[in-house]
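Thanks for coming. I will go through one model with two chains this morning, part by part. Please look at the sequence and the structure first.

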Amino acid sequence: MRDDRPPPHQIDDEIAFHIEMQTRRYVAAGLDPHAARERALRRMGDIDRARNACTLISLAKETDMERTAWSQGLRQDAVYAWRVLRKTPAFTATVLLTIAMGIGATTAIFSVVNTVLLRGAPYPNADRVAVVWNSYAATGLSEAAVAAAEFADIRDTSKAFDAVAALRPQTTSLSGACGSGPGCEPERVTSYVVSPNLFDLLGVTPSHGRPFAAADGVTGAPQVVLLSDALWQRRFGADPSIVGQTITVGAVSRTVVGVMPAGARFPDAPVGFLRTPADLWIPYGWEQSRKDSRGNQMLGMLARRRAGVSIEQASADLDAIAAGFRQQYANRYARPDVQWRLKAVPINDQIVGDVRTSLIVLLGAVGVVLLITCANVANLMLARGTARRRELAVRSALGAGRGRLVRQLLIEAAMLVTAGGVLGIGLALAGVRGLIALDAGNIPLLDHAGIDVTVLGFAIAVTVLTGLLVGLAPALRQSTADPQIALGGAERTAGDGSIRHRLRRVLVVGEVTMAVVVLVAAGLLVRSFARMAATPIGFDPDGTVVAQIALPRAQYNDGGKILAFQRELLDRFRALPGTAGASAVFPLPMSGDGWGGTVIVENQPAGLPEPHAEYAVAMPGYFSTLRIPVVDGREFADSDVTGTMLVAVVDEEFARQYWPGESAVGKRISPFGPLPANDPRWTTVVGVVGHVRNGGPRKAGEGQLYLPALQKPELTLYFVVRATGSDQPLPAAIRQTVRSLDSQLPIGRLSATRALVGRLLARERFNMLLLSIFGGVALTIAAVGLYGLLAFLVTQRTREIGIRLALGGRPGRILRTVIGEGLALSSLGLVLGCASALLAAPALRGLLFGIEPTDPLTYAGIAGVLLVVAAAASYLPARRATRIDPVSVLRN
Amino acid sequence: MTTPGPGALPQGTLDLLILKTLARGPRHGYGVARWIEDTTDDALSIEEGSLYPALYRMERRGWISATWKRSDIGKAIKVYELTDSGRAELRSRTAEWGSLITAVGKVLRAR
């Protein structure tokens with residue numbers, strides 16, 4: 001038996017007992033009661049003094065005990081809290097789930113978003129590095145490549161930059177230094193020919209070996225190469241001794257001087273037309289190829305601002321250089337109608353692109369989900385506090401002090417939120433890993449994502465604070481409440497009860513409101529994505545399989561050999577069972593490989609910008625195989641070979657741009673420089689085909705120009721095979737066919753064409769997925785909140801419902817009442833949520849494609865989903881209400 | 001926070017008496033008073049109220065421990081019990097008391 005009463009009471013009891021016993025003794029000895037008591041008191045002496053002394057000692061002792069036994073008390077409280085929490089598994093699980101989901105989802109998603117969108121490029125000097133482009137504002141071509149001569153001039157005359165570098169991608173074959181295992185076949189890799197100072201400019205150094213030196217870029221210097229970490233891992237088994245060995249890149253033997261670390265694979269992510277991540281880098285001093293011709297614009301250019309020079313000052317510097325160009329080469333740069341200038345884009349903006357909208361929307365969702373989480377935690381804790389009033393009142397009446405109760409509740413709340421927080425961290429870790437697995441490789445920088453400690457801390461702090469504050473509320477209220485009232489069944493009489501119920505209803509309505517906002521945003525993105533995925537892309541990838549086959553230059557050293565092999569291969573593909581057609585192209589549409597350039601169009605006015613187009617080389621039958629419509633003229637034929645008239649096919653966009661209002665067929669162009677009018681090397685347009693959206697559904701893209709592979713042989717082609725039925729058996733058949741012709745030949749990117757194409761939608765799909773996850777989390781938490789509230793109300797009204805049932809109330813009616821309450825609260829939340837969403841939706845506009853932010857179908861759909869979930873969440877407590885046993889309720 | 005002992009007894013004597021009393025078994029405050037009264041034939045005329053501060057003080061020092069029990073007549077009573085450290089204290093105090101008596105006796109017997 002313990003006694004938690006304050007010390008004075010204990011002492012009084014002891015003394016009273018003493019006096020009573022003594023008195024009885026004297027009475028037994030024959031004294032009359034009055035005299036006996038007098039004598040007993042006399043023997044006690046100064047009772048007040050004794051009493052005070054005892055009180056003082058007790059208090060001192062309590063302080064001692066508090067000091068020494070604090071930890072022991074904590075353990076006791078924790079054990080008690082554990083027991084209490086275990087006794088209410090539903091409540092405990094609900095709070096844990098809410099906290100874990102809130103913390104986990106927000107942290108995981110924000111961490112990923114932060115990596116992808118906020119942190120920017122993983123190079124130490126990234127905030128000083130800009131990409132320099134030729135920009136023609138009037139033509140919409142705002143990020144065009146730079147010519148070697150332009151690069152060299154900027155390098156020599158710029159005052160704002162302390163380093164500039166140029167680079168150009170090329171696909172090359174790679175062999176050597178890797179033994180003869182299956183992973184060591186010759187393969188096609190993406191190499192970049194770069195200024196030797198590229199990595200010095202970015203601020204990264206090799207993890208093995210040495211960086212490039214300026215001398216490496218000089219013509220005639222020993223041939224060297226730097227490897228990317230990815231290539232080093234994949235092909236060379238991460239063997240450090242590769243440094244110093246010789247590999248064959250293209251047809252050139254090069255010594256490996258170093259390996260770049262994993263985080264420095266410039267370009268990691270598309271930078272304008274530099275789309276494919278690098279496998280290896282080859283040094284070259286691009287300024288050496290300064291020529292008079294400034295038309296051969298093919299370089300990407302980076303420039304690092306001097307310390308203290310702002311991006312505005314750098315732009316001004318470029319403007320001054322551009323003014324010099326205009327003066328010196330008036331006919332090239334000074335045409336007023338194209339508004340040419342040199343443009344510098346900070347590399348972070350370039351890589352991350354226009355993501356501000358995504359960022360704001362996702363951050364908003366993070367905030368809203370956190371708010372819902374907090375509201376729900378508060379709600380659950382409030383409900384629990386009310387349910388425990390009796391217990392607390394009893395303990396208070398038994399003498400437990402306010403401090404004691406506060407500590408007890410604090411420990412309970414702390415245990416809950418700590419456990420929830422730990423679960424949340426686990427969920428966040430798993431979530432980040434899951435999100436990376438979802439789309440690594442398609443989303444720039446995604447594989448660099450890790451848990452963002454700041455956000456995790458913030459989410460935990462907010463949730464934990466809410467949990468603790470609200471968890472404490474009952475104890476604070478208890479100290480002011482009269483135990484008599486609470487013990488005497490205060491649930492129906494206490495005035496503040498209804499205020500609390502109202503607060504809880506407000507919280508639930510708020511949760512639903514916020515959940516609706518997130519759901520509407522998610523719904524809009526889902527619909528938008530569906531629209532985007534359904535947008536005609538200009539060709540039909542479904543049912544086709546693609547394989548990239550690159551012939552080694554050493555073996556296939558003239559056009560005849562190349563074409564002989566490729567035609568033989570095509571013949572065999574077409575002969576495969578179940579094929580409806582086969583052809584080949586380079587580059588494959590929407591594959592990420594891009595090939596653009598200038599072209600001379602006969603009878604076009606001279607000056608900038610020169611006519612510019614996406615180039616592709618195609619085999620006969622290409623357009624029919626990919627079902628690209630031929631709208632005028634014809635497609636390439638087997639007869640379009642070397643020695644016959646040079647031909648080309650253009651797309652509608654190109655035709656419209658350069659021959660508006662007339663047929664393009666029969667017009668002449670020159671892809672390879674200016675020609676005299678009677679030169680036989682003019683290329684004649686023989687057909688016009690539909691436009692293909694190479695940059696994805698959002699980007700219309702520029703005009704396209706196709707040359708026949710039979711007239712312009714290419715070592716690397718994407719072979720496209722269309723199946724009559726299922727395309728499942730095709731990859732194996734393709735592999736076998738290639739092997740039967742040349743067992744040494746590497747096959748790249750063998751897959752359904754749809755898969756390669758899908759990468760372009762990756763970012764959009766990613767945004768949609770993130771918001772959908774948020775929507776799901778928000779809906780779940782809100783449903784849990786609604787369920788919790790109704791279950792609580794049913795418990796509170798057990799008596800009333802019991803009486804109603806006893807008086808003949810039908811269960812169906814009670815079921816309807818409870819569900820009705822749930823639906824009423826949800827509907828209010830739904831209306832408020834839709835209104836808020838309508839107000840907030842314009843922020844989404846930038847992310848949407850083909851639908852309005854007010855899309856009624858989305859709102860209706862969300863309303864339907866929400867009401868169904870709300871009805872389900874209300875049904876369980878409602879059913880419990882109908883099962884209340886009137887007899888046992890009334891007996892109690 | 002300390003309480004003056006009863007005038008009639010030398011400092012610390014009451015503590016010694018209580019310790020000795022409790023060494024014979026757990027007792028409540030009244031029981032302690034009765035035992036002292038009975039064994040001394042009420043010769044010490046202790047102010048019984050002063051027992052309690054002494055009990056509380058010794059409880060705080062850890063010499064005795066207290067538990068609440070229900071008495072035969074249904075009242076809650078606080079029962080004190082000697083702890084191990086209380087037993088040790090009793091041994092050393094008894095020894096001290098013995099040497100004190102011997103020393104004082106020597107002085108008084110001196111001529």
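In chain B, residues 24 or more positions apart make up 51% of the contacts with a separation of 6 or more. Two residues are in contact here if their C-beta atoms, placed from the backbone, lie within 7 Å. For chain A the corresponding share is 83%.

Before going on, a note on the source: this is a predicted model, in which local features need pLDDT of at least 70, side-chain atom pairs count only at pLDDT 80 or more, and totals for chains, interfaces and linings use all residues. Residues are numbered from 1 along each chain as its sequence is written, and chains are lettered from A and ligands numbered from 1 in the order in which they are written.

Now the make-up of the chains. Chain B has 4 helices and 3 strands, and along the sequence they come in the pattern α-β-α-α-β-β-α. Chain A has 26 helices and 24 strands. Helices (H or I, at least four residues) and strands (E, at least two) are DSSP runs, numbered from the N terminus.

A residue is buried if 20 or more other C-beta atoms lie within 10 Å of its own, exposed if 12 or fewer, and partly exposed in between, with C-beta atoms placed from the backbone.

Next, where the chains touch. Chain B brings 19 residues to the contact and chain A brings 25 residues. On the side of chain B, the elements giving two or more residues are α2 (29-39), α3 (51-61), β2 (64-70) and β3 (76-82). Which of them gives the most? That is α3(B), with 5 residues. By class, this side of chain B has 8 nonpolar, 4 polar and 7 charged residues. Ala, Val, Leu, Ile, Met, Phe, Trp, Tyr, Cys and Pro count as nonpolar, Asp, Glu, Lys and Arg as charged, and the others, Gly among them, as polar.

Helix α3(B) also meets helix α1 (residues 13-23) of chain B: their axes come within 10 Å and cross at roughly 75 degrees. The two helices are therefore roughly perpendicular to each other. Axes are lines fitted to C-alpha atoms, for helices over the stretch in contact, and angles run from 0 to 180 degrees between N-to-C directions. Angles under 35 degrees count as roughly parallel, over 145 as roughly antiparallel, 65 to 115 as roughly perpendicular and the rest as oblique. B:L14, B:D15 and B:I18 come from α1(B), and they meet B:A54, B:L55 and B:M58 of α3(B). That contact divides into 5 nonpolar residues, no polar ones and 1 charged.

Still in chain B, look at the loop between α2 and α3, where B:D42 is found. B:D42 has a phi near 60 degrees, a positive value in a residue other than glycine. Is B:D42 buried or exposed? It counts as exposed, with 11 C-beta neighbours inside 10 Å.

Chain A has a residue of this kind too: A:R627, with phi near 60 degrees, is not a glycine either. A:R627 lies in the loop between α18 (622-625) and β18 (630-633) of chain A. A:R627 is partly exposed, with 16 other C-beta atoms within 10 Å.

Now to strand β8 (residues 246-249) of chain A. Its covered face holds A:I247 and A:V249, and its uncovered face A:T246 and A:T248. β8(A) pairs with strand β4 (residues 161-175) of chain A in the antiparallel sense, over 2 bridges; strands pair if DSSP finds at least two bridges between them. A:S175 stands opposite A:T248. β8(A) and β9(A) also run antiparallel, joined by 4 bridges, and here A:V249 stands opposite A:V252. These two strands form a hairpin with 2 residues between them, and A:G250 in the turn has a positive phi of about 65 degrees.

Last, two peptide bonds in chain A. The bond from A:F266 to A:P267 is cis, with omega near -10 degrees, and A:P267 sits in the loop between β9 (252-259) and β10 (280-283). A cis bond also joins A:F586 and A:P587, with omega about -5 degrees; A:P587 lies in the loop between β14 (579-586) and β15 (596-598).
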